[in-house]
Amino acid sequence: MEYIKENLREVRENIANAAKRAGRDPNEITLVAVSKTFPAEFVTAAAEQGVNDFGENKVSELIAKQDAVQSGVKWHLIGHLQTNKVKKVIGKTCLIHSLDSFRLAEEINRVSSAQNIVTSCLIEINIAEEPQKYGVSPKDAENFAAECARLSNVRIKGLMCVAPAAQIGELNRKYFAQMRKIFVDIKAKNVDNVDMTFLSFGMSGDYECAVEEGANIVRVGSAVFGRRNYQKE
Ligand SMILES: *Cc1c(COP(=O)(O)O)cnc(C)c1O
């Protein structure tokens with residue numbers, strides 16, 4: 001798995017260069033290595049290279065890998081979360097990136113409250129308003145954040161999006177800029193119990209552009225671990 005080391009070196013260098021171009025400190029950007037479909041050994045190999053944050057899009061896979069990896073890494077849930085899976089994942093993830101409905105927020109609140117914990121969440125924004133995608137519409141983001149703020153065991157920590165699949169990262173730049181604007185607008189409202197700390201966007205094809213546009217979490221899978229094989233699913 002020597003190539004993971006080489007890939008990581010390259011991804012980190014690209015992040016640092018993109019940050020520099022934007023006049024940002026590369027240390028304020030967290031690389032979440034998206035390990036979905038890859039076995040636990042790949043996570044261990046990346047952890048040995050200093051990666052602390054891993055992303056999974058399915059609850060069952062997150063839990064299985066967490067149990068298999070014997071190190072203190074953090075797990076991010078980045079995929080759509082069904083309400084009936086909430087009780088399985090609460091307490092096992094540092095950040096849910098995919099809060100996309102109030103019904104889900106209420107369930108996260110209920111289960112978190114029962115465990116006496118507060119669960120950190122990002123609001124997923126359907127930034128290009130694609131009909132097939134999950135997420136809150138950009139125009140509803142602010143109201144949604146204010147509604148979630150009333151739930152004492154849910155903590156809104158920022159925004160996330162999955163931009164349209166772009167072969168050229170540059171094509172997503174305008175969506176990233178819109179995300180940043182929504183983020184800044186909500187932040188300026190200073191809503192109690194809402195922190196605008198994290199902006200999570202940018203994947204293998206567009207993370208450099210994402211960093212230039214203000215992301216402080218990028219979720220990179222194939223550029224770190226290689227091409228995914230979905231056949232086993
Ligand atoms: C798979 C996935 C990623 C990573 O995708 P790559 O193109 O492999 O970097 C990022 N975010 C989400 C929500 C994903 O499901």
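Reply: Welcome! This is a predicted model, where local features need pLDDT of at least 70, side-chain atom pairs count only at pLDDT 80 or more, and totals for chains, interfaces and linings use all residues. Residues are numbered from 1 along each chain as its sequence is written, and side-chain values use heavy atoms, with hydrogens and water left out.

Me: How are the rings of Phe 38 and Phe 42 arranged: stacked, tilted or edge-to-face?

Reply: Rings of Phe, Tyr and Trp (its six-membered ring) pair if their centres lie within 6.5 Å; planes under 30 degrees apart are stacked, over 60 edge-to-face, and the rest tilted. The structure holds five such aromatic pairs. For Phe 38 and Phe 42 the centres are 5.4 Å apart and the planes stand at 25 degrees, so the pair is stacked.

Me: How many residues apart are Phe 54 and Trp 75?

Reply: Their ring centres lie 5.8 Å apart with planes at 35 degrees, so this pair is tilted. It links distant parts of the chain, with Phe 54 in strand E2 (residues 53-56) and Trp 75 in strand E3 (residues 74-77). Here helices (H or I, at least four residues) and strands (E, at least two) are DSSP runs, numbered from the N terminus. The separation of Phe 54 and Trp 75 in the chain is 21 residues.

Me: What distance separates the end C-alpha atoms of helix H5?

Reply: Helix H5 covers residues 102-114, which makes 13 residues. The expected span of a helix is 1.5 Å times one less than its number of residues, so H5 should span 18 Å. The distance in the model agrees: 18 Å.

Me: Which residues does Asn 109 contact, leaving aside neighbours within four places in sequence?

Reply: Asn 109 lies in helix H5 and, at 14% relative accessibility, counts as buried. Contact means heavy atoms within 4.5 Å. By that rule, the partners of Asn 109 are Leu 151, Ser 152, Asn 153 and Val 154.

Me: Which residues touch the most other members of the largest nonpolar core?

Reply: A nonpolar core is a set of buried Ala, Val, Leu, Ile, Met, Phe, Trp, Tyr and Cys residues joined through side-chain atoms within 4.5 Å. The largest one has 69 residues. Those touching the most other members are Ile 108, Leu 159 and Val 218.

Me: Which residue has a polar side-chain atom 2.6 Å from an oxygen atom of the ligand?

Reply: Residues around the ligand (a heavy atom within 4 Å) include Val 34, Lys 36, Ser 222 and Arg 228. A polar side-chain atom of Arg 228 lies 2.7 Å from a ligand oxygen, while for Ser 222 a polar backbone atom is 2.8 Å from one. The residue at 2.6 Å is Lys 36.

Me: Is Asn 193 buried, partly exposed or exposed?

Reply: Asn 193 sits in the loop between helix H7 (173-189) and strand E7 (194-200). Although not a glycine, Asn 193 has a positive phi of about 70 degrees. With a relative accessibility of 21%, Asn 193 counts as partly exposed.

Definitions and conventions:
Buried means under 20% relative accessible area, exposed over 50%, partly exposed in between (1.4 Å probe, protein chains only). A polar contact is a pair of N or O atoms within 3.5 Å; within protein, one must be able to donate a hydrogen and the other to accept it, and residues adjacent in sequence count only if both atoms are side-chain atoms.
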